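Colleague: I am new to this structure and would like to learn how to read it. Could you take me through some features, one by one?

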Amino acid sequence: MTELTLPAAAAGKDGQAAATAIQDGQAAATAIQDDRAAADGQPAGPIQPTNSPQPAAPPEPLGQQPDWPDAERLDQVVAQLAALPPLVFAGECDLLRTRMAAVTRGEAFVLQGGDCAETFAGATADAVRGKLQTILQMAVVLTYGASVPIVKIGRLAGQFAKPRSRPTEIRDGVELPAYRGDAVNGFEFTSAARTPDPDRLLRAYHSAAVTLNLCRAFTTGGYADLHQVHAWNQDFVRQSPSGQRYEGLAREIERALSFMRACGADPEELRTVEFYSSHEALLLPYERALTRVDPASGGAYDLSAHFLWIGERTRELNGAHVDFASTIRNPIGVKLGPTTTPDGLRRLVRKLSPDGEPGRLTLITRLGAGRIRALLPPLIEAVTAEGIPVAWVCDPMHGNTFEAPSGHKTRHLQDILDEVQGFFEVHRSLGTHPGGIHIEFTGDNVTECVGGSHAIIAEDLPQRYETACDPRLNRSQSLDLAFTVAESYRR
Ligand code: PEP
Ligand code: CO
């Protein structure tokens, strides 16, 4: 795998700590290989994980699965997936777990984001670069503004499946299966496109591989070098008020870098970025096919991504998704909507993190701007009473969606900022750590959410409404959010 190095923006004291931890991680990986070599008398080489078996009868309920018309083909596809190489390595997942442990302890902040639903057509160099630019720009704003190391996780390279509120969609009296993401069916409203096709799972794997390859190249091949801080502020975003504000910050960073260089310091750590992938673990046949046993530890890892989360619609305690997540060693997350009860959450946390290992479990609340201040405190109190450390992350997107007069699903940046504000207020009042944000954005100049310093109004929505699912922040709105979060964090 590519060498993971220090997040560019996390230089200085925190950076050194992070670099040491990474070196430890590498040393640990080497040690594992050496042990194996000693044990079986073979030269040390990459560890070959083995597949973990698909369960004979998955636990019920198994929610949000497509109605695959061709079960036999699904089995064949799953067998092919199980024979393909892992997309990420167990050691990388372990490293992310240590990063999330730092978040849990209040020593780092997570920035997790990307498309609501990635598409196969969207796996292009330009689109992936645009999303990475957005994350890098936001991370710089947050690191510089809040003086905290940022753990960067893309909702990227695998976010191809969507849970739906309704299994079908009706248009002009015609009822067809709902679009469930490119891993399942096509977006086009025709019977052929909407019929679930197991071969799409293979395309999802390959699109994830291509995307991840681009991410690895961009983040380690010079593009994410902090000296490029100006270059990330390209195109349309440079003209927006938040782009201008970013420009000022980038100038300050450049001055600091010149100063360091003049002092003879030009640390290698500023030249690459540590970046992780994540998606919702929704399609269990796919996730199980990519779950492999790490021979070194004997643990099972879902190697389709570094971090997997369970969605709001599939978090039943005895459901198949929670059961699956409880069997893998990756760092995992759970989305928590307004119906979450403190008691239910205590049971869920016990099941998903029985050892209470810091970094294992992240709770992603998506309660809505109007309700977070009332609903979040009892949830935090319940988990605190349970004594299991978790990272708390705010998803200010999914509780704030509404329909514009034009019929477009949208979100108001003001509500998103308000939910984040509420998240900070509640954690501050309870003495817990507001550990990060989980957002939906794109690198393009879309018009899907309203508001922002470069204001988009409801009438603008049809101009560039391109999402395959939920409305995303555009780059300028994402920067607006980053500046506000940095200010709130510092307070
Ligand atoms: C999502 O993250 O796109 C999503 C569907 O979220 P939730 O499970 O929180 O509704
Ligand atoms: Co969404």
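Colleague: Is Val 383 buried or exposed, and why?

Modeller: A residue is called buried if 20 or more other C-beta atoms lie within 10 Å of its own, exposed if 12 or fewer, and partly exposed in between, with C-beta atoms placed from the backbone. Val 383 has 22 other C-beta atoms within 10 Å, so Val 383 is buried. Please keep in mind that this is a predicted model: local features need pLDDT of at least 70, side-chain atom pairs count only at pLDDT 80 or more, and totals for chains, interfaces and linings use all residues. Residues are numbered from 1 along each chain as its sequence is written, and chains are lettered from A and ligands numbered from 1 in the order in which they are written.

Colleague: Where is the place of Val 383, and which residues does Val 383 touch?

Modeller: Helices (H or I, at least four residues) and strands (E, at least two) are DSSP runs, numbered from the N terminus. Val 383 belongs to helix H12 (residues 372-386). Two residues are in contact if their C-beta atoms, placed from the backbone, lie within 7 Å. Leaving out residues up to four places away in sequence, Val 383 touches Leu 345, Val 349, Leu 363, Ile 388 and Val 390. Val 349 is 34 residues from Val 383 in sequence, and their C-alpha atoms are 7.5 Å apart in space.

Colleague: How should I read a nonpolar core?

Modeller: In soluble globular proteins, nonpolar side chains tend to be buried together. A nonpolar core here is a set of buried Ala, Val, Leu, Ile, Met, Phe, Trp, Tyr and Cys residues joined through C-beta atoms within 7 Å. The largest one has 114 residues, and Leu 142, Cys 215 and Ala 325 have the most contacts inside it. Helix H4 (residues 125-146) gives the most to this core, nine residues. Cys 215 touches Val 128, Leu 132, Gly 154, Leu 156, Ala 157 and Phe 275, not counting residues up to four places away in sequence.

Colleague: How do H4 and helix H14 (residues 475-490) cross?

Modeller: Two packed helices are described by the angle between their axes and the distance between the axes. Axes are lines fitted to C-alpha atoms, for helices over the stretch in contact, and angles run from 0 to 180 degrees between N-to-C directions. The axes of H4 and H14 come within 8 Å and cross at roughly 20 degrees. Angles under 35 degrees count as roughly parallel, over 145 as roughly antiparallel, 65 to 115 as roughly perpendicular and the rest as oblique. H4 and H14 are therefore roughly parallel to each other.

Colleague: And what of helix H10 (residues 320-327) and helix H11 (residues 342-352)?

Modeller: Their axes come within 9 Å and cross at roughly 40 degrees, which makes H10 oblique to H11. Val 322, Ala 325 and Ser 326 in H10 meet Leu 348, Lys 351 and Leu 352 in H11.

Colleague: What should I look for in phi?

Modeller: Most residues other than glycine have a negative phi, and most peptide bonds are trans. Ala 157 has a positive phi, near 65 degrees, and lies in the loop between strand E3 (150-155) and strand E4 (168-171). Ala 157 counts as buried because it has 30 C-beta neighbours inside 10 Å. Asp 172 also has a positive phi, near 50 degrees, but counts as exposed, with 5 C-beta neighbours inside 10 Å.
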